[in-house]
Amino acid sequence: MTVSLDEGRFAALASPFSGSLLRPTDAAYEEVRRVHNGLVDRRPALIARCQGAPDAAAALAFARENGLPVSVRGGGHNIAGRAVIDDGVMIDLSTMQVVDVDPSARTARAGGGVVWSGFNGATAAHGLATTGGLVSTTGIAGLTLGGGLGWLMPKYGLAADNLVSVELVSASGEVLRVSEESDPDLFWALRGGGGNFGVATTFEYRLHPLTDVTAGLVAYPFDAARDVLRFFRDFTAGPLSDDLMVLGALVHAPDGSGAKLAAMAVCHTGSKEEADRELEPLLGFGSPALTAVGPMPYPDANTLLDAGYPKGALNYWKSGFLGGLDDEAIDEIVEQFSSTPSTMTAIGIEHFHGAVTRVGVTDTAVPHRQPGHNMFMTSVWMDPGATAANVAWTREAFSAIRPHLADRRWLSYLDDDDDDAIRSAYGPNYQRLADVKRRYDPENVFQSNHNIEPASAA
C-alpha cells in the first residue's frame, strides 16, 4: 500500500525542519530505509532525518496530524527491525552523532544516533568509559533503553544503570529532560522499558576511569565443545572479581572454512597482573586451536565480535536465561549447534555476575539481576534463498533447548515473533511500566517496539 501524504502539511513540516525529509521517490530513500538486519524490508511513507529534538517533535506532530503510525530509529541495530515501519513516519536519529564528554564531571552526552564505537572513541580520549554493547556497531539508544548489557557490566552494571538523564520527546510533543530528580517514575521506566515512552534524542551517561583491558578469545576444536562449556560453567561458578566478563560460545571459524569451534571470550578491566592471575586457569585449560588474549584499549575490545554481525546480513535470533547450565543443557546446546545450516551462526552464553546483579529487581525496569547465564542463538546468513532453512533451524533448535530455560527473556534479543515473551522480559515490573505508559502515552503512539500497552484506567 502507498500512503499519500497531505502536501500542504508536508510543506509546513519541511519549512522549519533542519534535517532532511525523504519520500519513496527520493534518491537516498532506498539506502536510508534499510536497517542492520537485511531480513527487514519495510517502506515508510516518510523518513524524517532529525538534527535535534525540535525536528523529532515536528515529525511526530506531522505523523499524528496525518493519522500515520510512527517508528523511531537510533542505530538501527534492533534485530526485530522495529525502527522502520511500513506506510508510516520513521523518525530517524541516525545523523545525531555528537558525543560531548565532560572529563571533570565524568559524564558524556550523546545523540540518539550514536553507536558504541563512536561513543567509546570519544570517551577513551579522556581515559573514560561506560558499559556499552557486546558489538560496537550497536546504537546506544536501543541498547540503553532495553537495559544495555555488555563487557563492562560486572564492573559497572548495565548501560541503563549508568544513565544520568534522557532528553525525550513525549507523545504529546513536549521536549522533556528526564532524570531521577525531574520524574523518577519516567526515569525508572526509561532504564529498560524500551522505546515505549517517547523519542529519546539525547542520553547522558556516568563515566568511569578505564584505558586498557585484557581481552580476547580462546577457541577449541568442536569435538571439545562439551568439555569447554563444562569448564566455562565451573569457572564462572567460582569466585570471580567484578573485573572479569566471560562469554562462552559455539561459533564458526572466521576464515570461511565453515569449521565449528567452541570458544570463550573474555574482558578483564583490572591491571595486567590481576588479569594474568585470574585468567590463568582459563588460559591453561585444554588444547586450544587459537589463543588471542592480551592487553588492548577498551574500544578495541568492544569490536571483538563485530565481524560476525555485518550490516545487511540476514538475522533471526532467539534467547533465554538458562535455568541452570547442567550437563544435559550443555549436551542439548552442542547437539543443536552441530546441525546449523549457516557458517555464520553462533550460540553464546553470557555470564551475569558482579555489579549488574547488585541492583534490585525493581530498582530499574530491568528485572534480570540474578547471577547466572543468558543464552542467545544468533542465526546469521547472507543468501536470501537460505532464509527458510535458517529460520526453521533456529525455531527447532530453540524449541529443543527450551526445557532448560527459565521464564526470563532479555528484551533486546527478542525477534519479531516474540511478542508473547514481553511479560517474561519485564517480569514483576510489567504492571508499573504499563501504568507509566498510560501516563505518558495513553494512546499507544509509540508501539513500533516490543510494546507495553497502556494500563486500563482504574
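Predicted model: local features only at pLDDT ≥ 70, side-chain atom pairs only at ≥ 80, totals over all residues.
Trainee: Hi! Can we start with strand 6: which residues does it cover, and why is it largely enclosed?

Mentor: Happy to. Strand 6 runs over residues 107-111, and four of its five residues are buried, so the rest of the structure largely encloses it.

Trainee: Which strands pair with strand 6?

Mentor: Strand 5, residues 99-102, pairs with strand 6 in the antiparallel sense over four bridges. Strand 10, residues 199-206, also pairs with strand 6 in the antiparallel sense, over five bridges.

Trainee: And what are the bridge partners of Ala108?

Mentor: Ala108 is the bridge partner of Val101. In strand 10, the partner of Ala108 is Tyr205.

Trainee: What about the turn: how many residues sit between strand 5 and strand 6 in their hairpin?

Mentor: Four residues lie between those strands, and Arg106 in that hairpin takes a positive phi near 55°.

Trainee: Changing topic to cysteines. How many disulfides does a search of the whole structure find?

Mentor: The search finds zero disulfides.

Trainee: Okay, so are Cys50 and Cys267 buried or exposed?

Mentor: Cys50 has a relative accessible area of 0%, so Cys50 is buried. Cys267 counts as buried too, because its relative accessibility is 1%.

Trainee: Salt bridges next. How many does the structure hold?

Mentor: There are 24 salt bridges in the structure. One of them joins the side chains of Asp92 and Arg73, at 3.9 Å from N to O. Asp92 belongs to strand 4 (residues 89-92) and Arg73 to strand 3 (residues 70-73), so this pair ties together parts that are 19 residues apart in sequence.

Trainee: Are Asp92 and Arg73 buried or exposed?

Mentor: Asp92 is buried, and Arg73 is buried as well.

Trainee: Which salt bridge links distant parts of the chain?

Mentor: Take Lys155 and Asp243, whose side chains meet at 3.2 Å, N to O. Lys155 is in helix 6 (residues 153-156), while Asp243 is in the loop between helix 8 and strand 13, and the two are 88 residues apart. Lys155 has 32% relative accessibility, so Lys155 counts as partly exposed. Asp243, at 15%, counts as buried, because the cut-off for buried is under 20%.

Trainee: What is the distance between the closest N and O atoms of Asp441 and Lys437?

Mentor: Those atoms are 2.8 Å apart in the salt bridge. Both Asp441 and Lys437 are buried.

Trainee: Which residues are linked in a network of salt bridges?

Mentor: The network links Arg226, Asp227, Arg230, Arg233, Asp234, Asp327 and Asp331.

Notes. Residues numbered from 1 in each chain as written. Heavy atoms only, no water. Buried < 20%, exposed > 50% of the residue type's maximum accessible area, 1.4 Å probe, protein only. Pairing = 2+ DSSP bridges. Disulfide = S-S within 2.5 Å. Salt bridge = Lys/Arg side-chain N within 4 Å of Asp/Glu carboxyl O.
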